[in-house]
Amino acid sequence: MDTKRLIIVAVGGQGNLLASKVLGEAALLSGVSVRMSEIHGMAQRGGVVESAIVFGDAQSSIISDGEADMLVGFEPAETLRAMNRCNVNTKVITSLSPVPPFTAAIGRGVYPEIENIVSLIRERTPSLVAFDAMKLAKEAGNPMTLNIVLVGALVQSNVLPLTRETVEEAITLRTKKGFVDMNIKAFNLGFDAAQGVAL
Amino acid sequence: MHKLLSDKIGEEIMLLGNEAIARGAIEAGVAFATTYPGTPSSELSLNLFQISKETDLYFEYSTNEKVAMEVAAAAANSGLRTMCIMKHVGLNVAADPLMTLAYIGVKGGMVILTADDPSMFSSQNEQDNRYYAKLAGLPMLEPSSVSEAKEMTIAAFELSEALQEPVILRTTTRINHSSAFVKTGEIKTRNTKGFFKKDQMSYVTVPAVSRKLHVKLLANLKKAAEMSESSIHNFVVSANSSTCNANKLGIICNGVSYLYASDAVKDLGIEDRTKILRIGFSNPMPANLIKSFAKDCQKILVIEEGEPFMEEAVKAFAQEASIFVPISGKNGEEVAPPCISSSSEQTEGCLLPSEQEPLFSRLYEFDPAMVRRKIASFFGIEDTYTHLKPVDTKGIPDIPQRPPNLCSGCSHRATFYEVKKASQGMDVIFPSDIGCYTLGFLPPLSMGDFVICMGGSVSTSCGFSKATDHKVVSFIGDSTFFHSGITGLVNAVFNNHNFTLVILDNGITAMTGHQPNPGVDMTQMNFEGYKPISIEKLVRAIGVEHITVIKPFKVRKSIEAIKEALAFKGVSVIISQEPCTLFAKSIKILKPRPFHITAKCVDHRDCINQIACPSFYIENGRVKIDADTCVGCAVCAQICPDNAILPLKQ
């Protein structure tokens with residue numbers, strides 16, 4: 001099958017490793033071959049966590065600049081920072097709720113305006129879905145479900161060879177028992193939001 | 001039951017590379033494992049540690065890699081299947097036993113895992129540990145993928161027993177930290193009862209014995225070379241065997257480079273014209289296999305991250321066989337790959353006309369597109385795969401960086417602030433060491449002037465204090481102090497040096513993910529039967545005459561105590577005791593009690609300008625505290641000139 005390359009960028013603690021795990025499980029359920037790579041050495045110390053997930057026949061487990069079919073950002077400035085991973089056809093999904101780095105807090109650098117981030121992304125990758133995933137995560141019952149909200153939006157985009165049903169099944173299998181209902185709700189909220197804001 | 005202990009055969013489970021290697025070791029019946037934690041190998045040890053709780057596998061976090069290697073060497077020579085795990089720089093520490101263990105050899109299979117870190121995602125250098133295999137004369141295996149890492153671990157134990165030598169299993173970060181589905185195999189029964197059969201003429205390495213053992217080692221190495229020739233880990237991939245095999249484009253590669261090369265050959269549509277030799281048994285290199293591969297290639301490109309280890313061997317073999325085709329790999333033009341170079345002109349890389357594309361660099365890790373471009377350029381093939389051009393990033397404003405930072409409520413931040421205050425006005429050099437606290441070099445603390453290696457803070461302090469007129473104050477963590485700080489301190493006392501050593505004792509090996517060290521109270525982790533060592537008693541026993549124990553969250557008291565220690569002429573030691581916040585939270589001995597900034601704040605901003613805890617943020621021009629991340633260490637509250645920071649009423 002065609003190779004599809006997904007990059008997820010997040011700030012340490014936002015749960016992108018769990019999101020990757022769910023997508024990996026969904027790939028297994030769908031009989032799609034998958035490899036992932038993550039850089040997470042300093043995640044707990046406030047650094048950026050990047051996951052690369054390659055679906056299909058390619059053997060590499062990392063993704064070169066410009067070669068992502070899809071970029072999902074859990075944090076708007078991190079999505080913008082990862083623009084070099086995209087080409088003009090890359091589908092981009094980003095949350096709009098900022099997690100400003102402490103460097104901005106101590107006056108070393110200015111966090112860009114959200115509207116500015118959105119237009120800088122859209123100018124480069126017209127296929128952009130941007131919404132406040134944190135609002136939906138809270139609506140689902142816990143800010144920690146932000147990752148699953150974005151997984152919902154990602155599945156709605158239909159870029160990856162994964163169906164809504166298999167990803168829901170993977171969420172049931174791979175997330176903590178007590179959180180499954182909340183995660184399914186988060187998943188559906190993300191899916192519907194992407195439907196509503198997609199171009 | 002631990003997920004890696006599943007006895008279902010043929011089950012597909014998603015595993016991290018490190019977990020796959022741990023599973024491989026379990027399937028191979030590993031009975032004894034030792035380590036000193038180090039990224040990117042840490043999860044491998046962690047899994048074996050957890051498994052040792054549930055099974056009769058013996059596992060220990062040893063004091064350092066040298067100790068780990070020696071403990072393991074004895075187990076392996078008592079006939080047990082043994083694994084010794086470390087990051088690449090750890091093998092420097094363990095190099096002394098390694099070199100002579102190679103002479104002695106082993107009885108039970110012994111696998112030494114070294115995790116290299118090209119690009120230095122979490123290391124102080126990117127040394128290429130393949131040279132250790134060459135230096136020691138030991139066989140080495142290198143996997144290309146997660147599933148192969150599991151199979152190769154099993155093969156490494158078998159190879160070790162066949163040769164009666166330790167085998168080096170060398171990974172890189174992209175193997176350790178990639179995930180894929182791995183098929184489970186049968187778990188071999190562990191033999192945990194060893195027996196050491198005395199034989200002084202084989203084990204006591206006095207010169208007369210070692211002269212014989214070296215002969216034995218070289219004979220084993222010759223045997224290993226024969227095994228490398230026919231090893232399943234060295235294989236040729238050639239798309240179409242019906243067409244003539246001559247005049248092909250040859251690629252020789254190892255590790256993850258094999259994956260990138262395979263994808264590139266496919267993407268460039270040159271499968272029919274290319275053949276790939278994947279080297280997985282890389283010491284000794286398979287000379288005959290390489291010669292027969294090379295003789296009908298029109299050109300050969302060697303693709304390997306790090307040093308030209310294979311390239312130099314391939315060139316030498318070609319010379320022996322009178323093969324005169326162009327062979328290249330690294331051509332000495334060290335060009336940083338685009339993802340690392342800081343310039344914004346990086347996207348030009350893939351627009352270069354093919355003849356301008358330099359070959360591979362010794363620097364950093366590779367990526368698929370880079371390998372594809374260089375293959376196309378070297379073989380003079382048009383890179384038709386250019387539709388995936390990165391978007392233009394010019395015009396994107398600088399986004400504030402997210403360097404890793406000391407956590408909210410980290411006790412190291414408090415200690416650094418206090419040492420800085422106590423030494424104000426003094427001309428101080430601050431040698432530091434390897435751990436979370438290395439991050440103290442970042443502004444605004446800026447504490448840390450010289451970092452080389454584990455334990456280096458103490459010994460470099462000896463040098464700085466003698467070579468300069470500066471006051472010297474150095475920092476070392478508890479685990480690093482046990483690892484290799486003690487010998488430096490003994491040196492300092494004996495040679496009568498003059499500096500202050502601050503031991504940042506947070507009661508755990510924090511940076512690598514909360515592993516035990518000899519100072520840790522193991523009952524916190526529900527382990528019995530350990531005897532924690534008191535750093536204070538140890539330092540006293542060494543003969544340090546000025547020892548101060550501080551509680552860093554008591555700011556004023558700590559500063560006074562530090563001032564006194566700094567004034568002492570000779571070696572003084574400050575032990576700053578406070579549990580790692582992350583760890584304390586995870587074992588639930590710390591319940592966060594967040595603070596907030598009250599209306600009394602007149603915006604001095606000492607909190608942000610002097611300690612810069614990541615819980616602070618600015619909203620509408622005023623400093624706020626994020627109650628979700630503040631743990632209530634109260635350090636900021638103690639330094640606020642207006643007493644404007646108070647506990648949040650809950």
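Before anything else, one term: a salt bridge here is a side-chain nitrogen of Lys or Arg within 4 Å of a carboxyl oxygen of Asp or Glu. With that rule in hand, three salt bridges turn up across the interface of chain A and chain B. Hello everyone, and please keep in mind throughout that this is a predicted model.

Let me stay with the interface for a moment. One salt bridge to look at joins the side chains of B:Arg402 and A:Glu78, with 2.4 Å from N to O. Polar contacts between chain A and chain B come to 19 residue pairs, both partners being at pLDDT 80 or more.

As for size, an interface is often described by the accessible area lost when the parts come together. For chain A and chain B the buried area is about 4800 Å², and 60% of it is on carbon and sulfur atoms.

A word on confidence in chain A. Its pLDDT averages 92, and 95% of its residues score at least 70. Strand 4 (residues 68–73) of chain A has the highest mean among the elements of that chain, 98, while helix 3 (residues 102–105) of chain A has the lowest, 80.

Now let's go inside. The largest nonpolar core holds 147 residues, and B:Leu48, B:Met83, B:Ile303, B:Ile375 and B:Leu489 touch the most other members. Helix 7 (residues 146–163) of chain B supplies the largest share of this core, nine residues. There is also a second, separate core of 46 residues, and A:Leu6, A:Ala19, A:Phe55 and A:Ala137 are included in it. Setting aside neighbours within four places in sequence, B:Leu48 is in contact with B:Ala22, B:Ile26, B:Ala33, B:Leu57, B:Phe59 and B:Ile85.

B:His546 belongs to strand 18 (residues 546–550) of chain B. Is B:His546 buried or exposed? B:His546 has a relative accessible area of 15%, so it falls under the 20% limit and counts as buried. Beyond four places in sequence, its contacts are B:Glu564, B:Ala565, B:Phe568, B:Val571, B:Ser572 and B:Val573.

The other one is B:Ile625, in strand 22 (residues 622–625) of chain B. B:Ile625 is buried too, with a relative accessibility of 11%. Not counting residues up to four places away in sequence, B:Ile625 touches several residues, including B:Phe595, B:Ile597, B:Phe616, B:Tyr617, B:Cys630, B:Cys636 and B:Ile645. For a sense of distance, the C-alpha atoms of B:Ile625 and B:Glu528 are 40 Å apart, and 97 residues separate the two along the chain.

Finally, some backbone details. Most residues other than glycine have a negative phi, and most peptide bonds are trans. Chain B gives us exceptions of both kinds to look at.

The peptide bond between B:Thr39 and B:Pro40 is cis, with omega about 10°. B:Pro40 sits in the loop between strand 2 (32–35) and helix 2 (42–54) of chain B. Another cis peptide bond links B:Pro443 and B:Pro444, with omega about 5°. You will find B:Pro444 in the loop between strand 15 (428–429) and helix 16 (456–467) of chain B. What does B:Pro444 touch, leaving out residues up to four places away in sequence? The list is A:Ile106, B:Lys420, B:Ile608, B:Asn609, B:Gln610, B:Ile611 and B:Ala612. So much for the prolines.

Two residues show a positive phi without being glycine. B:Asn526 has a phi of about 65°, in the loop between strand 17 (499–505) and helix 18 (535–542) of chain B. B:Asn526 is exposed, at 67% relative accessibility. B:Ala634 has a phi near 70° and lies in the loop between strand 22 and helix 22 (635–639) of chain B. B:Ala634 counts as buried, because its relative accessibility is 18%.

Notes:
Residues are numbered from 1 along each chain as its sequence is written. Chains are lettered from A and ligands numbered from 1 in the order in which they are written. Side-chain values use heavy atoms; hydrogens and water are left out. pLDDT is the predictor's confidence in each residue, from 0 to 100. Helices (H or I, at least four residues) and strands (E, at least two) are DSSP runs, numbered from the N terminus. Buried means under 20% relative accessible area, exposed over 50%, partly exposed in between (1.4 Å probe, protein chains only). Contact means heavy atoms within 4.5 Å. A nonpolar core is a set of buried Ala, Val, Leu, Ile, Met, Phe, Trp, Tyr and Cys residues joined through side-chain atoms within 4.5 Å. Buried area is the accessible area (1.4 Å probe) that two parts lose on being put together, summed over both. A polar contact is a pair of N or O atoms within 3.5 Å; within protein, one must be able to donate a hydrogen and the other to accept it, and residues adjacent in sequence count only if both atoms are side-chain atoms.
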